[in-house]
There are 2 protein chains.
Amino acid sequence: MREDARDAANRVNEQRLWQRHSEMAQIGAIPGNGVNRAALSKEDIVARKLLLSWAAKRNYAISADGIGNLFLRRAGTDPNAEPVMTGSHMDTQPRGGRFDGIYGVLAGFEALEAMDEAGVTTRRPVEVVAWTNEEGGRFAPCTMGSIVFTGARPLNDVLEVTDNEGIRLKDALAETLAATPQVKPREFKSPAAGYIEAHIEQGPLLENAKKTIGVVTGIQGLRWFNIEVFGKTDHAGTTPLALRKDAVRDAIAIINALTELTRDAQDVTRFTVGRMLVTPNSPNSVASHVLFSVDIRHPDLKTVTRLGDAVEALARKAAQFCEVKVTPTLHDNPCAFDAQVAGAIENAATKLELPHMRLASGASHDAMYMARVCPTAMIFVPCEKGISHNEAENAAPADLAAGARVLTAALIELANR
Amino acid sequence: MREDARDAANRVNEQRLWQRHSEMAQIGAIPGNGVNRAALSKEDIVARKLLLSWAAKRNYAISADGIGNLFLRRAGTDPNAEPVMTGSHMDTQPRGGRFDGIYGVLAGFEALEAMDEAGVTTRRPVEVVAWTNEEGGRFAPCTMGSIVFTGARPLNDVLEVTDNEGIRLKDALAETLAATPQVKPREFKSPAAGYIEAHIEQGPLLENAKKTIGVVTGIQGLRWFNIEVFGKTDHAGTTPLALRKDAVRDAIAIINALTELTRDAQDVTRFTVGRMLVTPNSPNSVASHVLFSVDIRHPDLKTVTRLGDAVEALARKAAQFCEVKVTPTLHDNPCAFDAQVAGAIENAATKLELPHMRLASGASHDAMYMARVCPTAMIFVPCEKGISHNEAENAAPADLAAGARVLTAALIELANR
């Protein structure tokens, strides 16, 4: 390990990093130590302003692209070199925790400060990015910021997306960007020499194995759909069941069929219906419309492809009375990370004498899209009982700092290649 | 038939009655000829004011009780006689039609005006009532106004009920009452000598039999429940299914069990899940809470009792992973109407030479509660294809007027007994 990488890693300040998590957790705080900070909400704006206030003290250059991804740049010595990037997201699930996403942003920021304090210079700039709308809890799809940044989908594809209140992403985005006028506009798909994302594991593997650092080698595949069932409103007391077009009844028939499709004795397949919207949503009226989300994941390409490809035909077959519309909202094949970036992380963990293991991610991350445009890998740290997307999400200050130390060392390594 | 009853029935003005339906349909109008006029909403207030403006021109005495039921009284000759009542409700389903409920109020009002124009006097006063919150689409339970008026449940039982936006009934009610300060307060459970409610059938029987008037002899039984499933939020990508407490999964298991319970080859049993609220309602999060409504109806007391009584145990058994709470929100045994009131309706239809038949109601109505405190029956008129609780709800002006003529004659008959 380079001496300057070790010096900077040792400057990572566990207290400061923890304090910043606590400050961020106040923004959108909900009972039970949770956080509700939806993408492009008023709370998101407050979080962005706080991050920018810290960056201003360090004189990092700040910019944002057209989807609102926020970039903080620590300059390198070579003005022509492409930056090494790190970061994650600041939005949360509606009932989310204090670490999911924000840890990767704060660990990245801690790495920049540690470099400053160790007096380290790097050939390449190092950039911290806060991706817009990773969770997809308010606006679908998730990982939207990195999808648009990397050109996987054009900006225009998502501008008209609405949240549950009917607010268009376009309008929430304009409001968010207007709130931070000091941020310089920046192009999509600006080149990067590499990307490392630090994150809590959101699963129980590291804790069970008593490891501090996860060297993440890839991400399981994911297929998302919105399924809409179009029925007909009728009086619940008078209309015989045979004459009804009951959208709830057919929605449940579809979910039953998908439950059968995804049944897995090994419990590796993940199948989730997390969102259901019923119209008119009155006890006395047969439902005329149901929209529900389908989330299917599996680490194996063949399996996740077979399951995802079966959804539409199965949904149509299961609905006995109503019309069905199946809209794929996200399609991510299993992703393998870059061996050299993973190697740099593993090497840093070894040299810093932190217990570590290789593992694959069960959750999607922005790193999946960055992996398409530059060498990428991730660092996981343990979270209590693997609980995430929940107010009870928890992580140890020492583990968070350990992850930031590995990140600092690995970034310096990559930024001098 | 009494001569004055025939005279007044002949004064029923089809054009005026239709015009009033059209005016009311503007209040809360939605695309497709529908109406969304939730109980105690701004639209409800506008409808109340319109009705009161008509009553003021006729000098009918107006009053309201503590749940906001509105009464318009045409005086009788005997100041001590208990009134004969008629009416229905002005609230609608979220995607309701132009006739459900409002027809009974407007037909009642038309009857009063027809009596005025025929110069008819009656011994008893005749009162038109507009019951508050019959639909239950915004605040549960339905038929709330007549439940509280007749003392079936105390007012305090419903004041804290909230709508989907968290607004308390108490506050919406206070706002509604404050908007019509000219209305005199009135006691609950004020005595009545009889009650006739006119309503569209909301089913296909009259149309299929080519009859204009339904003499309604009773109402099928009904059991309503709110079922809540308490799970745990988790990340949809990382948590193995065996470790989840997925509230959507268990809600669907419960609905599947109730579907089996209520399966009926004769298609007489009505089973509806019309309302579902999922928390946090994000595609990426395992649901921590689901609330859904259950509506079970059957004309036979033994059957509806057996089905309703089985719900709670079955729900608990079906939920494999989550806690379940079952709250009965309404329990109405099948109801038989008064033979003499039904006879007066049948006699009026016969004498007015209108094709008629006896039938039972598939839907609940406020008449069910009035039947507990005074002799009661209902008049049905056909609605197109039996469609109701739907924007496409439709009825013929001539049928509406025919129902109002029968109502006028029957009210005069009862008001002189």
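Analyst: In this predicted model, helix 2 (residues 14–25) of chain B packs on helix 12 (residues 397–415) of chain B, with axes that come within 9 Å and cross at roughly 110°. Angles of 65 to 115 degrees count as roughly perpendicular, and helix 2 and helix 12 of chain B are therefore described that way. From helix 2 of chain B, the contact draws on B:Glu14, B:Leu17 and B:Trp18. Helix 12 of chain B supplies B:Pro397, B:Ala398, B:Leu400, B:Ala401 and B:Ala404. By class, this contact has seven nonpolar residues, no polar residues and one charged residue.

In chain A, helix 2 (residues 14–25) can be followed to another partner, helix 4 (residues 102–118) of chain A. The axes of these two helices come within 10 Å, and the crossing is at roughly 140°. That angle makes helix 2 of chain A oblique to helix 4 of chain A. The crossing of the two is right-handed. On the helix 2 side of chain A, the residues in contact are A:Arg16, A:Leu17, A:Arg20, A:His21 and A:Met24. On the helix 4 side of chain A, they are A:Ile102, A:Leu106 and A:Glu110. Sorted by class, the contact of helix 2 with helix 4 of chain A has four nonpolar, one polar and three charged residues.

Helix 4 of chain A also packs with helix 1 (residues 3–10) of chain A, at an angle of about 115° and with the axes 8 Å apart. Helix 1 and helix 4 of chain A are therefore roughly perpendicular to each other. Their crossing is right-handed. A:Asp4, A:Asp7, A:Ala8 and A:Ala9 of helix 1 of chain A make this contact with A:Ala114, A:Met115 and A:Ala118 of helix 4 of chain A. Five of the residues in the contact of helix 1 with helix 4 of chain A are nonpolar, none is polar and two are charged.

The next level up is the domain division. Chain A is divided into domain 1, which covers 3–220 + 334–415, and domain 2, which covers 221–332. The centres of domain 1 and domain 2 of chain A, taken over C-alpha atoms, are separated by 33 Å. The contact between these domains takes nine residues from domain 1 of chain A and 12 residues from domain 2 of chain A. On the domain 1 side of chain A, the residues that touch domain 2 divide into seven nonpolar, two polar and no charged.

Chain A and chain B also touch. Their contact takes 53 residues from chain A and 54 residues from chain B. The elements of chain A that give two or more residues to this side are helix 8 (247–262), strand 11 (270–272), strand 12 (276–279) and strand 13 (289–298). Helix 8 of chain A gives the most, with four residues. By class, the side of chain A that touches chain B has 20 nonpolar, 24 polar and nine charged residues. Of the interface residues of chain A, 100% are also interface residues in chain B, so the copies meet through the same surface.

Some backbone details in the loops remain. Most residues other than glycine have a negative phi, and most peptide bonds are trans. In chain B, a cis peptide bond joins B:Thr279 and B:Pro280, with omega about 0°. B:Pro280 is found in the loop between strand 12 (276–279) and strand 13 (289–298) of chain B. In chain A, A:Ala140 and A:Pro141 are joined by a cis peptide bond, with omega about 0°. A:Pro141 lies in the loop between strand 6 (126–131) and helix 5 (144–149) of chain A. B:Asn33, a residue other than glycine, has a positive phi, near 70°. B:Asn33 lies in the loop between strand 1 (29–30) and strand 2 (34–35) of chain B.

Terms used: Residues numbered from 1 in each chain as written. Chains lettered and ligands numbered in written order. Predicted model: local features only at pLDDT ≥ 70, side-chain atom pairs only at ≥ 80, totals over all residues. Contact = placed C-beta atoms within 7 Å. Axes fitted to C-alpha atoms, helices over the stretch in contact; angles between N-to-C directions. Parallel < 35°, antiparallel > 145°, perpendicular 65-115°, else oblique. Left-handed = near helix turned anticlockwise from the far one by under 90°. Nonpolar A, V, L, I, M, F, W, Y, C, P; charged D, E, K, R; others polar. Domains from an automatic or database assignment.
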